[in-house]
Amino acid sequence: MSSKIGDLLVKESLISQQQLKEALEHQRVNGGRLGNCLIKLGFVTDDEITAILSRQYGVPSINLSFFDVDPSVVKLIPVETAQKYQILPLSRVGSTLTIAMIDPTNVFAMDDIKFMTGFNIEPVVASETAIREAIDKYYGTTHAIELKKVMEDIAVVDNKLMEAGDDTSLELAAEEEAIDLEGLEQAAEEAPIIKLVNLILSNSLKRGASDIHIEPYEKEFRVRFRIDGVLCSIMNPPLKLRDAIISRIKIMAKLDISEKRLPQDGRIKIKMKNDGKIKDLDFRVSVLPTLYGEKVVMRLLDKDNLMLDMTRLGFETESLKKFEAAILKPYGMVLVTGPTGSGKTNTLYSSIAQLNKIDTNIMTAEDPVEFNLPGINQVQMKEQIGLNFAAALRSFLRQDPNIILVGEIRDFETAEIAIKAALTGHLVLSTLHTNDAPSTISRLMNMGIEPFLVATSVHLICAQRLIRRVCKDCKEEHSTPAQALVDAGFAPAEAKRIVMYRGKGCSTCNGTGYKGRVGLYEVMEINDDLRELILIGASSLELKKKAIENGMITLRASGLQKLRDGVTTMEEVLRETVK
């Protein structure tokens with residue numbers, strides 16, 4: 001039907017040949033039905049496609065949002081069949097069953113349903129979006145259906161475990177008792193356990209999670225996802241399956257399932273099908289013993305989410321110019337600072353991706369190496385054998401590098417070697433955990449670095465935070481008191497005319513009003529004025545005052561600019577920045 005619908009729409013002058021060509025190309029790259037591609041590209045609406053199909057095939061059309069289906073009719077067709085053919089049973093009169101379809105020419109679907117139900121089939125046309133939403137409404141969401149099946153399987157295993165008695169019980173053994181390794185391995189390899197763990201991993205990708213938290217408590221076992229920087233509860237598996245689930249994850253991460261007293265770190269690499277595409281996924285696994293069992297946190301390292309285009313990270317134009325000028329210098333140090341999870345790694349990777357040329361030798365020391373970047377020599381730190389940042393840096397200097405990336409400056413030794421490298425003709429990129437750009441200077445001095453070394457080696461410091469974006473699909477204007485805007489940092493005149501936005505909540509953003517994140521950046525270029533202040537031991541406040549005089553955009557000012565652009569909300573800016 002795909003090419004037919006395109007020809008019909010062109011014939012009816014609803015789209016042009018060029019638009020059809022674009023939609024076919026979009027379909028080739030992204031998959032899906034041509035009608036859906038045309039809707040996504042904004043060339044036609046759902047109603048227009050439904051109306052033209054209705055006229056062409058002489059089949060009535062229906063708007064499902066105004067139609068209530070009897071649950072007894074829904075039960076006539078299994079959810080698997082409804083999803084497979086994208087159909088919905090609507091009503092039954094005598095021996096005739098009326099079904100809503102996207103494609104009324106799909107005789108295979110109608111024959112299959114006729115054979116399955118024993119009824120004559122009467123099709124009506126509905127849009128793809130409407131049918132999907134209706135399937136979710138009457139059968140439950142795809143995730144809920146999968147989870148229900150898995151939990152039913154788990155209940156069977158749970159009963160088996162109860163019947164099996166103490167030998168294979170997954171109840172937490174007392175500390176003095178020997179751990180039943182064979183029982184743990186056997187339980188971890190049970191099909192429902194494997195399905196449940198796979199479901200957790202796949203659902204984290206579908207929902208855009210950055211971390212998965214699997215947490216045991218005295219009377220509860222819960223799974224939470226961190227989505228756009230905020231944790232939200234996903235499910236509560238039965239407490240009896242705690243050890244089996246955690247053992248399954250440890251087996252996948254090649255960790256020791258018998259070791260329950262010490263923290264362990266590992267990696268899970270899997271291939272996963274998402275939207276018709278095969279993806280290679282990497283999960284960084286951390287297991288930590290807690291009072292009621294082991295807590296597991298998995299960081300999802302999805303290379304598709306790694307944004308290496310610096311213009312899309314959220315830099316203001318002036319700040320980006322300064323940052324790019326600093327990383328293009330042949331030597332010196334550029335520092336990126338901020339708390340854990342503020343996007344420092346992404347900024348550094350974006351920097352070295354821009355500098356990655358055939359004539360440049362780039363060496364990185366990371367703990368851990370999060371993403372593999374072609375053409376860059378990446379070294380994983382191994383503290384247990386003495387390979388730390390300082391040891392790696394010393395070796396790098398004998399490897400003829402042009403650019404050195406140090407994952408983090410944690411101590412005097414690493415800071416000293418990095419600064420000496422910056423002073424001897426190398427560009428050094430690194431991170432520190434400080435609240436803003438000016439306080440980074442004080443941190444280096446507190447580590448024991450001499451002021452004259454800091455003043456001469458550091459060229460630029462970039463502090464950053466991540467805040468959530470307003471969901472584009474449910475974005476709406478929101479009235480904010482002018483005084484609140486003035487208190488946040490806007491001028492009184494601007495506060496009266498500025499328009500604020502927020503998301504009211506929709507299926508795209510899971511009702512949160514936010515979808516995706518954007519960076520706030522405070523870029524402090526170390527010029528001669530600041531060098532003089534550093535040499536005389538000026539405080540962070542004095543450095544900040546001078547930097548603002550020289551044109552530095554603070555984190556709060558960067559946040560206010562995102563508010564002007566309608567990118568985020570006041571709550572997000574106030575949560576991550578101070579005036």
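Guide: One definition before we start: axes are lines fitted to C-alpha atoms, for helices over the stretch in contact, and angles run from 0 to 180 degrees between N-to-C directions. Note too that this is a predicted model.

Visitor: How are α21 and α22 oriented to each other, roughly parallel or roughly antiparallel?
Guide: Helix α21 covers residues 528-535 and helix α22 covers residues 540-549. Their axes lie 10 Å apart, at an angle of about 170°. Angles over 145 degrees count as roughly antiparallel. That makes the arrangement of α21 and α22 roughly antiparallel.

Visitor: How many residues in the contact of α21 with α22 are nonpolar, and how many are charged?
Guide: From α21 come Asp529, Leu530, Leu533 and Ile534. From α22 come Glu542, Leu543, Lys546 and Ala547. No polar residue takes part; the division is 5 nonpolar and 3 charged.

Visitor: How many helices and strands does the chain have?
Guide: The chain holds 579 residues, and buried ones make up 47% of them. Its secondary structure comprises 24 helices and 18 strands.

Visitor: Is arginine 312 buried or exposed?
Guide: Arginine 312 sits in the loop between β9 (293-301) and α13 (317-327). Its relative accessibility is 52%. The cut-off for exposed is over 50%. Arginine 312 therefore counts as exposed.

Visitor: Now the rings. What geometry does the pair of phenylalanine 315 and phenylalanine 323 have?
Guide: The whole structure contains 3 aromatic pairs. In this one the ring centres are 5.3 Å apart and the planes meet at 40°, so the pair is tilted.

Visitor: Which residues do ring pairs link into a cluster?
Guide: Phenylalanine 315 and phenylalanine 323 are both buried. Ring pairs link these two with a tyrosine. The cluster is Phe315, Phe323 and Tyr521.

Visitor: How far apart in sequence are the parts tied together by tyrosine 349 and phenylalanine 371?
Guide: Their ring centres are 6.1 Å apart with planes at 75°, so the pair is edge-to-face. Tyrosine 349 is buried at 1% relative accessible area, and phenylalanine 371 is buried at 11%. Tyrosine 349 lies in helix α14 (residues 344-355), phenylalanine 371 in the loop between β11 (362-366) and β12 (377-380), so the pair ties together parts separated by 22 residues.

Visitor: Which residue's charged end sits over the ring of tyrosine 514?
Guide: Lysine 475 lies over the face of another ring, tyrosine 501, at 4.8 Å from the centre. Over tyrosine 514, at 4.0 Å from the ring centre, sits the charged end of arginine 468.

Visitor: On to the backbone. Which peptide bond is cis, with omega near 0°?
Guide: Most peptide bonds are trans. The exception here involves proline 368, in the loop between β11 and β12. The cis bond runs from aspartate 367 to proline 368.

Visitor: What is the phi of glutamine 86?
Guide: Most residues other than glycine have a negative phi. Glutamine 86 lies in the loop between α6 (79-85) and β1 (87-93) and counts as buried at 14% relative accessibility. Its phi is positive, near 55°.

Visitor: Where is aspartate 228 found?
Guide: Aspartate 228 has a positive phi near 55°. At 15% relative accessibility, this aspartate counts as buried. Aspartate 228 is found in the loop between β5 (221-227) and β6 (230-235).

Visitor: How many residues of helix α23 are buried?
Guide: Helix α23 spans residues 555-564 and is mostly covered. Its buried residues are Leu555, Arg556, Ser558, Gly559, Leu560, Lys562 and Leu563.

Visitor: What covers the buried residues of α23?
Guide: Just after this helix, glycine 566 takes a positive phi of about 70°. The cover over the buried residues of α23 includes β15 (458-470), α19 (482-488), β17 (500-503), β18 (514-525) and α24 (570-576).

Note on methods. Residues are numbered from 1 along each chain as its sequence is written. This is a predicted model: local features need pLDDT of at least 70, side-chain atom pairs count only at pLDDT 80 or more; totals for chains, interfaces and linings use all residues. Side-chain values use heavy atoms; hydrogens and water are left out. Helices (H or I, at least four residues) and strands (E, at least two) are DSSP runs, numbered from the N terminus. Angles under 35 degrees count as roughly parallel, over 145 as roughly antiparallel, 65 to 115 as roughly perpendicular and the rest as oblique. Contact means heavy atoms within 4.5 Å. Ala, Val, Leu, Ile, Met, Phe, Trp, Tyr, Cys and Pro count as nonpolar, Asp, Glu, Lys and Arg as charged, and the others, Gly among them, as polar. Rings of Phe, Tyr and Trp (its six-membered ring) pair if their centres lie within 6.5 Å; planes under 30 degrees apart count as stacked, over 60 as edge-to-face and the rest as tilted. Buried means under 20% relative accessible area, exposed over 50%, partly exposed in between (1.4 Å probe, protein chains only). A charge sits over a ring if NZ of Lys or CZ of Arg is within 6 Å of the ring centre and within 35 degrees of the ring normal.
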